[in-house]
Amino acid sequence: STSTRQTDFYQLDDLLTEEHKLVRDAVQQMINRDVRPIIEEYAQKAEFPAHLIQKFAEIGAFGPTLPIEYGGGGLDYISYGLMTQEIERCDSGMRSTVSVQSSLVMWPIYAYGSEEQRQKYLPKLASGEMVGCFGLTEPNHGSNPGGMLTSFKEAGDHVVLNGSKLWITNSPVADIAVVWAKNEQGRIRGLIVEKGMEGFSAPEIHNKWSLRASVTGELVFDNVKVPKENILPNIEGLRGPLGCLDNARYGIAWGAIGAAIDCYETALKYSLEREQFGRPIAGFQLQQKKLAEMLTEITKAQLLTWRLGTLKNDGKATTAQISMAKRNNVDMALHIAREARQMLGGMGITGDYPIMRHMMNLESVITYEGTHDIHLLILGHEITGIQAFK
Ligand code: TGC
Ligand code: FAD
């Protein structure tokens, strides 16, 4: 039936507004026209398709939930979720670019920044004229960002920043970096560091087997003079970066469903066409078990994100609720990618089909924005009231 082929088994489309559908269609159209035909080639070459920044800007993918006066789209969180879902349906690395620019760069400048900072950066980030990145993780502080060593000292009208960040999406191509660093009192602050500031560099990380069409790098600060006006004035402490992560993790919970749908649809189509022992492999019970379980898990994930989206629209979604959805949905997608890969037999390991690329991408997605196990511990803390991290 149409609903199993188009992967909307519980008719969630009926819950969407006309605006939601328009947003989703616009993203789908752009992705099918400009990204799907080239993505495999860029992933194989391990090259970031930088020209797509403009295309993402044109469909309003940068800052869709921010107010229109700053170049945002004034849309709700269901629209944002549908966007990340349609983008990750093609490639997690492309969704990364959108997550970082929207949730980790534009959102903190909007939520924690001064009016001058908002006006200086947000419209350019929305139009794709500027690319941003988010520097929280360090070589020795990943899951435990509170232990960060990057720090700055006061020096008149500026501060002097030292330290380094690792695994930073888009850092080599970014014009600005939202960097989290400790002040002399050991309090975490956010700083906007601009490309070209003396002592600042962003070398690329090579040899990734995952997110190969996304560019990842370091941020290195060697006595970088940052004007005091580049410090985000309205936030202090770890809750600054963690607040941004709530938004990005929310988008990933939707995005991962996109990757899962693409794997499921590819495997379903293949299994109906591929014949062994004189009939389509889709007719064998073992293959039907895989398909039935995939559709069940996708449907459960869709319901989770739908409700989470309505809570988010009402300003009621909690960190632990977001952790549950991010953790469940990425794990679900990775599992489906592995099962779908098997259903394609030998063909499943080639770049002629998107499944292996999704699978490798999802190995990063299950690690970044809080690992699978860290999200379990966030839930454990919520349930018991006892912190098991330390
Ligand atoms: P803890 O003591 O629990 O909390 C410290 C302070 O933060 C507050 N807080 C939050 N505030 C806002 N939103 C949240 N989600 C918050 N969670 C906690 C908390 O109330 C407290 O405030 P205060 O004022 O009392 O100081 O902190 P902890 O040091 O025990 O660590 C907790 C832990 C482990 C959960 C957290 O640090 C964590 O989530 N670790 C994972 C790190 C992570 O997710 N890194 C992501 C890096 S960015 C990235 O991966 C981008 S990939 C992008 C892409 O390509 O898509
Ligand atoms: P570690 O923290 O060293 O964890 C290693 C293992 O130990 C994990 O399995 C973890 O779950 C486990 N572990 C850690 N602590 C505990 C505990 N208390 N109890 C039980 N198990 C524990 N970061 C940014 O700031 N900005 C970015 O743009 C960004 N982009 C990224 C892009 C890619 C492709 C990747 C791979 C990462 C990116 N990251 C980014 C970093 C990412 O957020 C971290 O990799 C992640 O938070 C995990 O940190 P780590 O790699 O240092 O692993």
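This is a predicted model: local features need pLDDT of at least 70, side-chain atom pairs count only at pLDDT 80 or more; totals for chains, interfaces and linings use all residues.
Just after helix H9, Gly 345 takes a positive phi of about 55°. H9 covers residues 319-343, and at 1.5 Å a residue its 25 residues should span 36 Å.

Setting aside neighbours within four places in sequence, Ala 337 touches Ala 259, Cys 263, Ile 355, His 358, Met 359 and Leu 362. As background, nonpolar side chains in soluble globular proteins tend to be buried together.

Helix H7 (239-273) turns up again around ligand 1, where helix H5 (92-112) and helix H11 (372-384) also give two or more residues to the shell. H7 makes the largest contribution there, with 6 residues. The shell holds 25 residues in all, and the ones that come nearest to the ligand are Ser 96, Gly 146, Arg 239, Leu 242 and Gly 370. Sorted by class, this shell has 12 nonpolar, 10 polar and 3 charged residues.

Ligand 2 has 22 residues around it, with Leu 136, Thr 137, Gly 142, Ser 143 and Thr 371 coming nearest. Here strands come into the picture: strand E1 (132-135) and strand E3 (158-169) each supply at least two residues of the shell, as does H11. By class, the shell around ligand 2 divides into 11 nonpolar, 9 polar and 2 charged residues.

What about the annotated domains? An unreviewed UniProt entry lists residues 133-224 as "domain: Acyl-CoA oxidase/dehydrogenase middle". In the model, this span is 0% helix and 49% strand, and its end C-alpha atoms lie 17 Å apart. The unreviewed entry also carries the annotation "domain: Acyl-CoA dehydrogenase/oxidase C-terminal", which covers residues 237-382. Over that stretch the chain is 76% helix and 3% strand, with the end C-alpha atoms 20 Å apart.

Key:
Residues are numbered from 1 along each chain as its sequence is written. Chains are lettered from A and ligands numbered from 1 in the order in which they are written. Helices (H or I, at least four residues) and strands (E, at least two) are DSSP runs, numbered from the N terminus. The expected span of a helix is 1.5 Å times one less than its number of residues. A residue is near a molecule or strand if its C-beta atom, placed from the backbone, lies within 6 Å of it. Ala, Val, Leu, Ile, Met, Phe, Trp, Tyr, Cys and Pro count as nonpolar, Asp, Glu, Lys and Arg as charged, and the others, Gly among them, as polar. UniProt positions are given in the numbering used here, feature names are shortened, and annotations may be inferred rather than shown by experiment. Two residues are in contact if their C-beta atoms, placed from the backbone, lie within 7 Å.
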